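Here is a briefing on one protein model. Look over the sequence and the fold, then read on.

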Amino acid sequence: MQYSDKVMDHFLHPRNVGEIENASGVGEVGNAKCGDIMKIFLDVEDDIIKDVKFQTFGCGSAIASSSMATELIKGKSIHEALALTNKAVAEALDGLPPVKMHCSVLAEQAIKAALVDYAQKNNIDIPELEGFEPDHDHDHDVEDED
């Protein structure tokens with residue numbers, strides 16, 4: 001399987017690894033059955049993501065997707081973070097093999113799950129997240145989850 005230089009860089013030198021104590025929001029997606037589990041921690045102030053960290057158990061593509069996704073939302077508003085798609089994560093990594101696209105889907109879903117947690121903790125309504133349910137039985141053959 002061929003990986004881009006960016007995927008390899010984010011796998012070998014992941015950004016924003018760790019956890020945020022007393023995080024504003026925490027989202028965890030994936031399942032042990034497939035081996036990919038992502039946890040995203042957000043520190044939100046005045047609707048801006050001041051800091052973001054991740055813990056990922058999974059393959060190199062899952063780690064790279066988590067790393068890139070955190071880079072793409074750090075310093076952004078909640079609404080800008082909500083606009084992040086799995087396609088944008090994959091494109092920022094200069095592509096992922098089709099069989100690994102589910103990793104970018106997990107990154108998108110982990111961010112949304114963390115934002116759901118943030119909204120619930122702060123009694124905030126985020127209309128874009130209404131009805132959002134992370135896909136814990138994601139399909140490894142799916143290239144896009146629009």
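Which residues have the most contacts inside the largest nonpolar core? They are Ile40, Leu42, Ile73 and Leu115, in a core of 38 residues. This is a predicted model: local features need pLDDT of at least 70, side-chain atom pairs count only at pLDDT 80 or more, and totals for chains, interfaces and linings use all residues. Residues are numbered from 1 along each chain as its sequence is written, and side-chain values use heavy atoms, with hydrogens and water left out.

**Nonpolar core**

- A nonpolar core is a set of buried Ala, Val, Leu, Ile, Met, Phe, Trp, Tyr and Cys residues joined through side-chain atoms within 4.5 Å.
- Buried means under 20% relative accessible area, exposed means over 50%, and partly exposed lies in between (1.4 Å probe, protein chains only).
- The largest core has 38 residues. The elements that give two or more residues to this core are β2 (36-45), β3 (48-57), α2 (60-73), α3 (78-82), α4 (86-92) and α5 (101-121).
- Helix α5 supplies the largest share of this core, 11 residues.
- Helices (H or I, at least four residues) and strands (E, at least two) are DSSP runs, numbered from the N terminus.
- Ile73 is in contact (heavy atoms within 4.5 Å) with Leu42, Ile49, Val52, Ala81, Leu84 and Ile111, leaving aside neighbours within four places in sequence.
- In soluble globular proteins, nonpolar side chains tend to be buried together.

**The Thr56–Ser66 pair**

- Thr56 lies in strand β3, and Ser66 in helix α2.
- Their side chains are joined by a polar contact of 2.6 Å.
- A polar contact is a pair of N or O atoms within 3.5 Å; within protein, one must be able to donate a hydrogen and the other to accept it, and residues adjacent in sequence count only if both atoms are side-chain atoms.
- Ser66 is buried, at 1% relative accessibility.
- Not counting residues up to four places away in sequence, Ser66 touches Met38, Phe54, Thr56 and Ala107.
- With neighbours within four places left aside, Thr56 is in contact with Ile37, Met38, Ala62, Ile63 and Ser66.

**Salt bridges**

- A salt bridge is a side-chain nitrogen of Lys or Arg within 4 Å of a carboxyl oxygen of Asp or Glu. By this rule the count is 6.
- Lys6 pairs with Asp94, with the closest N and O atoms 4.0 Å apart. Lys6 lies in helix α1 and Asp94 in the loop between α4 and α5, so the pair ties together parts that are 88 residues apart in sequence. Lys6 is partly exposed, at 38% relative accessibility.
- Lys112 and Glu108 meet in a salt bridge of 2.9 Å, N to O. They are 4 residues apart in helix α5, so about one helical turn separates them. Lys112 is buried at 19%, and Glu108 is buried at 11%.
- Asp117 bridges to Lys121, with the closest N and O atoms 3.2 Å apart. Both lie in helix α5, 4 residues apart, about one turn of the helix. Asp117 is buried at 19%, whereas Lys121 is partly exposed at 48%.

**Surface patch**

- Met8, Phe11 and Leu12 form a nonpolar patch on the surface, with about 260 Å² of accessible area together.
- Patches are made of residues with over 30% relative accessible area and no salt bridge: like charges are joined within 9 Å, nonpolar side chains (Val, Leu, Ile, Met, Phe, Trp, Tyr) within 5 Å.
- Accessible areas come from the Shrake-Rupley method with a 1.4 Å probe; for residues, only the protein chains shown count as cover.
- Leu12 lies in helix α1 (residues 5-12) and is exposed, at 53% relative accessible area.
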